[in-house]
2 protein chains.
Amino acid sequence: MNTNEPFIGMHKAELDTPALLIDLDKMEANIAAMANYFSKVNADLRPHVKTHKTPIIAHKQIAAGAIGVTCAKLGEAEAIIHAGIRDVLIANQVVGPQKIARLINLAKHSEIMVAVDNAQNVQAISEAAVAKGATVRMLVEVNIGMNRCGVEPGKPALELAEQIRRSQNLSFEGLMGYEGHTVAKPNRAERNTAAREAMQRLVDAKHYLEKHNVAVSIMSGGGTGTFNITGSIPEMTEVQAGSYVLMDATYYNVEGVGDHFDCALSVLATVVSRPHPNRVIVDTGLKVLAKEFGIPQPVGLNGVEMTGLSEEHGTMQVSDASVSLKPGDKLEILPTHCCTTVNLHDRYYGIRNGIVESVWNIAARGKAQ
Amino acid sequence: MNTNEPFIGMHKAELDTPALLIDLDKMEANIAAMANYFSKVNADLRPHVKTHKTPIIAHKQIAAGAIGVTCAKLGEAEAIIHAGIRDVLIANQVVGPQKIARLINLAKHSEIMVAVDNAQNVQAISEAAVAKGATVRMLVEVNIGMNRCGVEPGKPALELAEQIRRSQNLSFEGLMGYEGHTVAKPNRAERNTAAREAMQRLVDAKHYLEKHNVAVSIMSGGGTGTFNITGSIPEMTEVQAGSYVLMDATYYNVEGVGDHFDCALSVLATVVSRPHPNRVIVDTGLKVLAKEFGIPQPVGLNGVEMTGLSEEHGTMQVSDASVSLKPGDKLEILPTHCCTTVNLHDRYYGIRNGIVESVWNIAARGKAQ
């Protein structure tokens, strides 16, 4: 028997907690809204699976028009490719002999593509690809202002691209730049200015390569906060937005994002104690809710604020003592960071009209290698 | 074949990353040091498994003298009881019909004990125990100043204890109070004062119950930061310290704790990029390292500071450009919160003299229900 089977058909309020819920209608509307946007611009959508980590959701995104997916880690790419998706970008550096061996193995079962920013890494991947008779597609990652990974635009990007073109069993596809320092700026005008300034560096890098006779087919970047900024730049061929599919309180409050996408993700909690009229304790702590973007708050409850998260407890202050929450009552918490919250759970309960319609194992949870 | 088998005998530097390492010599010394302390005082040790979440480590603690273990969640207790440990305290409220049914089932296979702070919860557990012919041991949780769960000392604690004594198939064992607001105060004198003040409330509650002819057999509380404060109070019968077994940078810097216990836990990382002489990027981000107690730092590297953690990346600033870190190099990171960091990993690599001696699946990882 499928161990998830007993949950199907239950009302969500019957689920034991903590439980990670997806409102399926909202998720489908988010997928449709993003697909609709990318049907009208030059760029395509290559959604980031680091958010949901789950093959069936990736397949839904592709069915709606996405050209493939983006992964953060090799382990995520394995989970996705094993589920039949072939056009996968690992938008990070794959470093070290064990990981390069796994990358090459994936190239035998997919059109895997990987970001690089280092000459020795390019050489090591080429040698492994030759030994196995595989071909690996590559994007040069360019630092466009986030100051994390990536070579600088101009000559460093050109030199790495030329090395890839000279190397056996590698295919230079283009450039990648992530404007991660801009995607969550709440003010739309500021975000627009910062993101365009960042992406211009990627566009300049492309022109520099072309001036030196290096063709750039793929221009990849973007996130949920910049989907219709980066997505509207004519030189960009694909956008890696991920969070839009599930959303969270942080992105919902980014001006111009909450208009398009609704919060489909929540964590169901149970009140375990109400030791004082002004204090409610729930069973959702740091082991099921991320808080690096702020303490998550309950949905649809006035006068109730989550003020602290310890490992296994959420502490809520109740300013209105007539709020009726008592031990055993359930409530939903809206995450402030969907990606890291999902990583704390083993499965989603897919809810429609209040009823559990599907239970999806989060296949790439914890796949940090 | 055991999927962990290929790792045994490897040098730790050969492990792919991110990987969670235990220095076995240090862990064993921590277990011995704590056991030695509790061999000399009235109180016993009931170590908290929320830290390590792994049956074999719990068995080692018991073999060294611990009377049983403490769990945070029912799912942790199931993992531990299934591994043959019988004296288990769930130091939190078990609320709701599904969880109460699981609690009662565990009572058929163990001497399970649970914390309570609510009359309806006591009644529900009693009714379920009667229906199943099981007996559940109970501690009344008393709020001793942390202001999370727990009834107030005095009359509320007495009334709940008396209810338990009147209820069928329940056994009132005593009182529990967690001085969690004091355990990590770095200054020993301040910690001592605050912890003694908190524990006095529990002692007063005991005396109040005894004055009303309610015998209190068990007095449970304490953490790693107060093991030899709370552990030295004559009325306390057991201490729930957990972090001491693995330790982390936060507890190591609590005055009087680092003297007794060494840091046995680390996360092995790989440098994935060095795009600038002053910037190193490693493959350990928020999905493998908790940061609620501060950003973890590399072990034994001068002039290198981790300044940021995003989902999959750690960003390090290198003040000494002659530091030789390059892509592919490995380094160890010292967690700042062992419990939540362990919860992000599926297995430990047990290391002795640099070699992988054992691989332990973290059986209770993610068991948040």
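With which residue of chain A does B:Asp16 form a salt bridge, and how far apart are the closest N and O atoms? In this predicted model, the partner of B:Asp16 is A:Arg102, and the closest N and O atoms of the two lie 3.8 Å apart. That salt bridge belongs to a count of twelve between chain A and chain B. The points below take up the contact between the chains, then the aromatic residues.

**The contact between chain A and chain B**

- Chain A brings 55 residues to the contact and chain B likewise brings 55 residues, and the area buried between them comes to about 4300 Å², with carbon and sulfur atoms giving 47% of it.
- Of the area that chain A buries against chain B, 14% is supplied by A:Asp16, A:Arg148 and A:Lys287, which is more than any other three residues supply.
- Polar contact between chain A and chain B involves 34 residue pairs, counted where both residues have pLDDT 80 or more.
- On the side of chain A that touches chain B, helix 4 (97-107), strand 10 (265-276), strand 11 (279-282) and helix 10 (338-342) of chain A each supply at least two residues, and the largest share, five residues, comes from strand 10 of chain A.
- By residue class, this side of chain A divides into 16 nonpolar, 19 polar and 20 charged residues.

**Aromatic pairs and a cluster**

- Over all chains the count comes to ten aromatic pairs; in one of them, B:Phe7 and B:Tyr349, the ring centres are 5.2 Å apart and the planes stand at 75 degrees, which is over 60, so the pair is edge-to-face.
- This pair links distant parts of the chain, since B:Phe7 lies in the segment before strand 1 (19-23) of chain B and B:Tyr349 lies in strand 16 (residues 347-352) of chain B, 342 residues apart.
- B:Phe7 has a relative accessibility of 23% and therefore counts as partly exposed, whereas B:Tyr349, with a relative accessible area of 3%, is buried.
- In chain A, one aromatic cluster is formed by A:Tyr37, A:Phe38, A:Phe227, A:Tyr244 and A:Phe261.

**The surroundings of B:Phe261**

- B:Phe261 is found in the loop between helix 9 (249-252) and strand 10 (265-276) of chain B, and because its relative accessible area is 2%, which is under 20%, B:Phe261 is buried.
- Apart from its neighbours within four places in sequence, B:Phe261 is in contact with B:Asn30, B:Ala33, B:Met34, B:Phe227, B:Tyr244, B:Met247 and B:Tyr252.
- Between B:Phe261 and B:Leu246 there are 15 residues of separation in sequence and 8.4 Å in space, C-alpha to C-alpha.

Conventions
Residues are numbered from 1 along each chain as its sequence is written. Chains are lettered from A and ligands numbered from 1 in the order in which they are written. This is a predicted model: local features need pLDDT of at least 70, side-chain atom pairs count only at pLDDT 80 or more; totals for chains, interfaces and linings use all residues. Side-chain values use heavy atoms; hydrogens and water are left out. Contact means heavy atoms within 4.5 Å. Buried area is the accessible area (1.4 Å probe) that two parts lose on being put together, summed over both. A salt bridge is a side-chain nitrogen of Lys or Arg within 4 Å of a carboxyl oxygen of Asp or Glu. A polar contact is a pair of N or O atoms within 3.5 Å; within protein, one must be able to donate a hydrogen and the other to accept it, and residues adjacent in sequence count only if both atoms are side-chain atoms. Helices (H or I, at least four residues) and strands (E, at least two) are DSSP runs, numbered from the N terminus. Ala, Val, Leu, Ile, Met, Phe, Trp, Tyr, Cys and Pro count as nonpolar, Asp, Glu, Lys and Arg as charged, and the others, Gly among them, as polar. Rings of Phe, Tyr and Trp (its six-membered ring) pair if their centres lie within 6.5 Å; planes under 30 degrees apart count as stacked, over 60 as edge-to-face and the rest as tilted. Buried means under 20% relative accessible area, exposed over 50%, partly exposed in between (1.4 Å probe, protein chains only).
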